[in-house]
Amino acid sequence: MSDVRDDALPTLAPPNEPARKVGRIKPALLLHEDHDLCPGCGEPVAIRILLEVIEELGQERNAIGIIGIGCYTAFTSTMDVDLVQALHGRAPSVATGAKRMRPDTLMFTLQGDGDMVNEGLQEVIHTAARGENVTCVLLNNGVFGETGGHMTSTTVLGQRTKNSLEGRDAGRHGHPILIGDLLAPLGGTAYAARGSVHDAPNVVKTKNMIRRAFEAQLEGRGFSFVEILTMCPTGWFVPTAEGPGYLDDVLAPVHATGELKNGERLVGTPQLLEAARAEERGRR
Amino acid sequence: MKPRLMEGSEAIAEAALAAGCRFFAGYPMTPFTELLEAFARKLPEAGGVCINAESEIEAIGMAWGALATGARAATGSTGQGIALMQESLSEITRAELPLVLFHMARGQGDYFQATRGGGHGDYRQVVFAPIDVREAVELTQVAFDLAERWRNPVQIHGDFLLAHTAEAVEIAPLEFDPLPPRDWAVDGSLGGSGRSRNINPIGMEKGAKGIDPDSFWKRLQAKHDALAAETARAESEFTEDAEVVVVAFGSLARFARHAVRALRAEGVRVGYLRPITLWPFPAEAVASAAEGARRVAVLEQNAGQMIDDVRLAVLGRAPVVAIGGISSDEAGFGIGPILDPADVRHRIASSLGDPR
């Protein structure tokens with residue numbers, strides 16, 4: 001056939017080299033793909049889609065990232081975006097000062113649950129209430145990954161961590177904070193959503209959430225927030241391959257995914273959970 | 001420009017604006033509150049931003065962000081609020097950002113906090129202790145220049161009297177040598193270029209694997225050693241033939257200087273030395289003033305803090321005695337009975353072994 005491409009692989013015989021990835025996986029805004037995070041970690045996936053959205057919105061020469069402290073901090077050496085390294089929990093205030101002085105830039109924070117919901121809870125709440133025109137991105141795995149798997153404020157009931165070995169118990173350790181539900185109702189919040197990167201459909205949905213959050217900021221509509229559930233098999237003490245399943249079975253039923261606020265529409269996590277259950281019933 | 005009668009808080013804010021400060025964030029606390037009020041009034045008129053931060057920790061975080069974009073920015077508080085800022089202060093020093101910090105202290109009990117700091121790790125900050133509003137106007141402008149020149153935080157250490165005393169001052173913008181370009185600041189423009197920036201306190205380099213704390217900290221130490229060698233300032237009077245040299249700083253030094261001048265006029269061989277910088281401590285000036293003196297008398301309004309630095313500077317050349325002490329008003333704002341010319345004169349005269 002005349003239209004056979006020259007570079008098509010022959011299929012008449014077994015391949016003479018193993019299968020390999022094709023197409024562009026590395027975002028343009030990543031200097032290189034090497035990192036020291038654990039196998040099965042969800043954070044590199046979340047950072048990839050974050051960088052892709054910056055590029056797709058044409059903001060690669062206009063973005064400033066304010067980075068918290070956690071495993072993801074390792075990516076400050078490879079993210080090819082202007083960055084400011086903040087203290088644990090303090091990124092929203094740093095973003096506030098930077099955005100006020102550079103109102104035309106795309107300003108985002110990158111924080112973990114230990115950073116945002118433990119150490120710096122009041123920072124993000126005040127920043128949202130003030131309606132600062134910044135986007136705070138939370139990588140939530142319900143555990144302090146960098147210290148090796150300790151309980152955070154988002155650890156769900158029953159979850160085993162190194163300082164809740166029998167599982168988080170409400171009586172002894174209190175309840176997890178659903179940070180999105182604290183931020184969404186505030187007057188200054190324009191957009192709030194909770195996504196996940198445990199499977200491909202959720203990666204796509206979460207990427208759209210980041211895009212909507214950035215668009216809200218670029219349109220000057222106020223504070224925007226995207227929470228991303230990420231796998232941490234090391235900190236969850238599960239085999240690498242079971243990370244996505246554990247996220248779906250243990251974290252997602254509490255930190256339900258979906259949009260919490262988009263303009264005037266405000267939805268609570270209980271409604272998201274009810275919608276997920278209805279969808280499940282429909283499938284059965 | 002004619003001198004105007006202004007409270008210290010207002011004059012300092014105007015001096016900061018004259019020095020190009022365009023961002024301020026703070027949380028109210030006596031006696032710092034009026035400085036925040038002055039910035040809140042004046043900065044928007046100058047096209048700047050003043051944020052009434054929800055806490056001191058958030059205030060310094062906001063200043064951090066503004067500084068990272070290359071803006072001249074400041075924050076401030078009182079001892080307790082400055083205590084809350086310590087983690088950020090030490091990190092901002094390591095991130096080499098030019099913060100100016102206004103500390104309106106309650107008395108002089110925060111000398112250790114200002115000169116040693118309560119933050120983690122090895123870090124140093126220049127601390128100016130102005131004696132009056134006129135000097136505060138000058139040093140505020142010097143602080144912004146020095147902070148940017150060295151890319152290191154500088155503190156203006158005042159107190160209730162400085163913040164609230166009205167004096168006739170002229171806010172004349174000072175001229176400084178040209179500064180290097182602010183090519184370290186982030187504006188987002190280098191994203192995707194392979195040369196994007198990362199303003200960070202750990203010496204993290206883009207593209208590098210891991211960090212090198214050892215060489216990073218040693219480089220900062222060398223900078224702080226040079227800063228110490230070049231920025232110490234002191235004022236002295238009558239120290240050449242003084243039997244007793246009085247060492248005092250800030251508002252209390254104004255009383256000491258007055259008393260020493262009065263005693264000199266009566267023929268008493270007493271001298272006066274005032275550290276203008278608390279860090280770097282003007283050790284050489286103190287040492288040479290102590291040469292030949294019978295006694296060095298430290299007048300400070302606390303349980304004895306600067307006296308440690310004086311002893312280290314004097315190094316046994318003369319006995320060092322404390323003639324100050326804790327002296328508080330009913331509210332604990334640092335305006336105690338020691339702030340009285342007769343009281344100070346009596347303390348100095350007593351240190352001569354000749355009460356009068």
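## Two helices of chain B

In chain B, Phe255(B), Ala256(B), His258(B), Ala259(B), Val260(B), Ala262(B) and Leu263(B) of helix α10(B) meet Pro341(B), Val344(B), Arg345(B), Ile348(B) and Ala349(B) of helix α13(B), where two residues count as in contact if their C-beta atoms, placed from the backbone, lie within 7 Å. By class, this contact holds ten nonpolar residues, one polar residue and one charged residue; Ala, Val, Leu, Ile, Met, Phe, Trp, Tyr, Cys and Pro count as nonpolar, Asp, Glu, Lys and Arg as charged, and the others, Gly among them, as polar.

Helix α10 covers residues 250-265 of chain B and helix α13 covers residues 341-351 of chain B, and the two pack at an angle of about 65 degrees with their axes 9 Å apart. The axes are lines fitted to C-alpha atoms, for helices over the stretch in contact, and angles run from 0 to 180 degrees between N-to-C directions. The crossing of α10(B) and α13(B) is right-handed, which is the term used if the near helix is turned clockwise from the far one by less than a right angle.

## How the model is described

This is a predicted model, in which local features need pLDDT of at least 70 and side-chain atom pairs count only at pLDDT 80 or more, while totals for chains, interfaces and linings use all residues. Residues are numbered from 1 along each chain as its sequence is written, and chains are lettered from A and ligands numbered from 1 in the order in which they are written.

## The domains of chain B

An automatic or database domain assignment gives chain B a domain 1 (4-169) and a domain 2 (234-351). The centres of these domains of chain B, taken over C-alpha atoms, are separated by 26 Å, and 24 residues of domain 1 are in contact with 24 residues of domain 2. On the side of domain 1 of chain B that touches domain 2, the largest share, four residues, comes from α6(B), and the residues of that side divide into 13 nonpolar, seven polar and four charged.

## Where chain A meets chain B

Between the chains, 32 residues of chain A are in contact with 38 residues of chain B. The largest share of the chain A side, eight residues, comes from α2(A); helices (H or I, at least four residues) and strands (E, at least two) are DSSP runs, numbered from the N terminus.

Two bridges join β2(A) to strand β9 (residues 198-199) of chain B, and these strands run parallel, pairing being assigned if DSSP finds at least two bridges between two strands. Within this pairing, Leu83(A) stands opposite Asn198(B).
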